[in-house]
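Colleague: I have a model open and would like to go through it with you. Could you take my questions one at a time?

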Amino acid sequence: MLGEGILKGLAETARNFAGSFVSKERLTTVQYPEERAPAIEASRVFPFLVYDGPEWEAGLRCVACQICEKECPPKCIYIEKSKDKKPDYVGKLQIYPARFDIDVSVCMSCQICVEVCPFEAIKMDTEFELATDDRFGGLLHDRKSLAKSNEYYHTIHPTEAAEVDARLAEEKAKVEEKARAAAAAAAAKAAEAPKSEAPKTGEGTEAQ
Amino acid sequence: MSELELESWNRPPVVDMDGDLLEVAMGPHHPSTHGVFRMDVALDGEKIVKLKPVFGYLHRNHEKLGEGNSYLASMPYTDRLDYICSMTNNWAYAVAVEKLAGQEVPERAEYVRVIVGELTRVQNHALSVGFLIQDMGASGTPLMYAFKARENILDLFESLSGSRMMCNYFRFGGLRVDPTAEWLDRTRQVVAELPQFVDEFEQLLVSNEILMARTQGVGVLPKELARNAGATGPVLRASGINYDIRKVDHYGIYDRFSFKVPLGEHGDVYDRFMIRLLELRQSIEILEQALKDIPGGPVMDPKAKIRNFRPKAGEAYGRIEAPKGELGFYLISDGGPNPYRYRVRPPSFVNLTTLEDMCLGHNVADVVLILGSIDIVLGEVDR
Amino acid sequence: MKTVEEIKAAILAAVPGAGVTVVQNPGPAAQHSLLLDAAHAVAVAKFLRDDAELNLDFLSNVTGVDWPDKEIAEKVKVTKQVEKEVDGALTTVEETVEETRKHVQPGYLEVVYHLFSMEKKHGPVVLRMRTGNRSDQVTLPSFTPVWRSADFQEREVFDLYGVVFEGHPDLRRILMWDEFKDHPMRKDYVDPDDFEYEPTAHDEVLKRAQAHQEKVAAAMEAGQ
């Protein structure tokens with residue numbers, strides 16, 4: 001019969017239309033912004049800097065090594081090193097970035113900065129509602145607006161943050177182990193030194 | 001190859017001496033040109049007598065950027081070439097660099113590459129058919145069915161690589177992230193629902209009389225012209241030539257999967273549309289086999305370097321069967337961290353060569369369909 | 001499939017007098033290529049396409065490469081007559097002196113073709129052609145009459161590198177607009193100073209942006 005193919009197609013559409021009233025999986029629209037689609041853990045939008053502890057300036061993990069600046073494909077990161085140093089999570093004195101700007105209008109969310117950072121200092125955020133009406137400076141994020149706490153990192157990427165914390169704790173434990181071993185060796189040497197000095201003073205008094 | 005067949009591209013130029021021909025510029029602002037693409041068309045009444053494609057509106061000089069960036073930094077830029085199929089773009093670039101540097105890829109990584117590549121092919125073909133029907137005037141209903149299936153696949157990509165479309169997932173010597181067992185289970189679920197989607201799609205479209213009347217016999221690409229003009233992918237196979245790079249080059253581990261390569265007979269728009277649906281079904285076959293056999297192990301070659309990657313001096317041309325055709329990368333290395341020459345061989349660019357031949361004698365409405373059936377993405381054509 | 005040397009022998013048998021040289025490709029990929037001369041290129045191409053055994057009917061990729069002029073400095077040992085003081089008297093003595101000789105190796109534009117066979121399912125066969133130099137001798141024969149797929153790709157090489165293909169049916173710019181002047185993919189291309197504001201400019205980009213801002217400020221003052 002002429003038109004049979006069209007009728008088959010219309011039956012298909014009718015089935016979907018009627019079905020969207022009764023079955024949840026046929027109704028796939030999410031009414032944004034009142035509803036949100038369920039967030040996916042691994043998603044990445046723009047980078048942010050992680051800091052440990054309550055204070056962002058003291059706890060900032062970044063040591064201004066500039067590796068992310070060099071590897072960034074569109075060159076959206078601009079870092080200026082500081083002149084002084086501050087202690088990092090194991091207590092060693094490191095320089096920190098005096099200026100760390102990311103131009104979010106240039107950034108293409110490729111995550112290469114996160115991959116190459118040796119200090120777990122820069123991670124990907126999931127915040128995407130960043131529209132602003134300031135065309136020239138509004139999308140230039142500086143150090144303060146980029147710094148977010150480790151607790152925030154745990155809320156957006158729990159599995160990743162747990163792995164990073166485990167790795168950092170391991171590093172810290174290794175450094176502390178080495179420090180303890182060095183201290184024990186120094187203490188052993190100091191314990192030997194007074195024993196070798198004692199006979200000398202005895203001789204001196206005898207000579208007198 | 002007879003001289004008579006070669007005559008088709010030695011046509012005398014069309015000169016409008018009496019001012020009878022109507023010259024129309026279709027695009028670049030046109031909802032059906034699949035991106036910013038212009039066609040300068042000369043019409044004799046309703047029939048087309050001359051068609052010159054004009055593009056370059058999306059030229060971002062990707063090749064020169066590639067010369068200024070390191071090899072790894074070009075990987076996110078390849079996502080943006082054929083912006084619908086970012087995973088296969090990454091794969092082609094990774095294959096070319098691995099050929100250049102002589103790197104090996106672990107077995108699990110090859111399986112995941114096949115899974116991700118075939119998922120990309122599924123969503124690209126669904127999208128392409130959906131847009132073709134949209135151009136025919138179907139006001140988006142089959143397109144939205146395709147988008148619904150595509151959303152599931154994009155959600156999988158997001159949980160694997162972090163981004164729906166610009167995945168930046170492949171690395172030289174493997175992959176960036178190892179998929180978890182939970183991700184593989186979700187993929188199996190999605191793949192199990194795909195045949196039902198293809199059935200629904202076919203029921204909606206394949207025997208539709210309007211579609212058949214509009215697409216059968218329209219935009220015929222003869223076999224010898226397709227071969228000589230370097231058409232690849234579904235466009236070539238719809239004209240009847242059996243050339244699928246997955247079967248020819250034996251790249252990756254495609255030899256382990258049994259799948260068929262559908263061929264068309266007439267080379268018209270209907271054949272190109274049907275070939276895409278048939279290839280969709282074959283991709284589902286491959287996915288089911290790959291998801292069953294995937295082994296454990298690492299996904300990254302342990303000797304591969306992320307930073308300071310300097311392949312030895314030399315050159316290499318690596319290609320894969322992307323959903324649109326043959327996507328190839330030609331790299332010349334001078335031993336430094338940046339390539340000396342970085343060239344993308346885009347399938348859509350070369351497939352457009354015969355657009356004029358296919359459109360001569362048809363109406364403007366048919367031109368829209370023929371362009372849609374070649375399936376171009378301007379990000380690739382212009383780079 | 002035949003090796004590069006065998007293909008060269010087959011070409012020389014079919015097109016006598018063709019200047020074909022094998023260019024070795026270092027590195028693991030081992031895709032060696034054949035350098036053709038411009039005079040016999042189209043005849044060689046026709047032979048490669050129509051030969052029963054090779055049957056290379058699919059031209060996949062046409063690439064342009066820019067090799068700029070290179071200044072090569074060599075240290076050469078030369079025996080020269082040198083005037084020296086020997087025992088208080090001025091005499092001429094022969095001495096071997098190291099001299100640095102510089103010469104300029106002229107650059108050229110190169111076009112690389114990758115051929116495959118759809119019938120026999122083999123490939124790639126890589127061909128190369130080089131122009132005389134980069135300024136006035138930039139003509140090469142076009143392969144479009146042999147393989148239609150070279151049509152748009154040769155136009156792109158013309159647009160971005162400046163190689164003029166003789167025998168191409170429609171040689172005009174394809175990616176840049178028609179009135180554009182220079183050839184962007186050449187290594188010595190300087191992009192125009194139409195700089196946009198870039199907040200995170202650094203290194204040379206910062207210098208150029210500052211120079212541009214100064215120029216714009218000066219122009220605005222002069223305009224006022």
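Colleague: How much area is buried between chain B and chain C?
Modeller: About 4100 Å² is buried between chain B and chain C, and carbon and sulfur atoms give 55% of that; buried area here is the accessible area (1.4 Å probe) that two parts lose on being put together, summed over both. This is a predicted model, in which local features need pLDDT of at least 70 and side-chain atom pairs count only at pLDDT 80 or more, while totals for chains, interfaces and linings use all residues. Residues are numbered from 1 along each chain as its sequence is written, chains are lettered from A and ligands numbered from 1 in the order in which they are written, and side-chain values use heavy atoms, with hydrogens and water left out.

Colleague: Which residues of chain B lose the most area to chain C?
Modeller: Those are B:Arg227, B:Glu315 and B:Tyr340, which together make up 16% of what the chain B side buries. The contact (heavy atoms within 4.5 Å) takes 49 residues from chain B and 50 residues from chain C.

Colleague: And how many salt bridges cross it?
Modeller: The rule, a side-chain nitrogen of Lys or Arg within 4 Å of a carboxyl oxygen of Asp or Glu, finds seven across the interface of chain B and chain C. One involves C:Glu156 and B:Arg343, whose closest N and O atoms are 3.2 Å apart.

Colleague: Why is strand 6 of chain B largely enclosed?
Modeller: Nine of the nine residues of strand 6 (residues 314–322) of chain B are buried, so the rest of the structure largely encloses that strand. Both faces are covered, with B:Ala316 and B:Ile320 among the buried residues on one side and B:Tyr317 and B:Arg319 among those on the other. Strands here are DSSP runs (E, at least two residues), numbered from the N terminus.

Colleague: What does strand 6 do next to strand 7 there?
Modeller: In chain B, strand 6 and strand 7 (residues 325–333) run antiparallel and are joined by nine bridges, with B:Gly314 opposite B:Ser333. A hairpin links strand 6 of chain B to strand 7 of chain B through two residues.

Definitions and conventions
Buried < 20%, exposed > 50% of the residue type's maximum accessible area, 1.4 Å probe, protein only. Helix = DSSP H or I, 4+ residues; strand = E, 2+ residues; numbered from the N terminus. Pairing = 2+ DSSP bridges.
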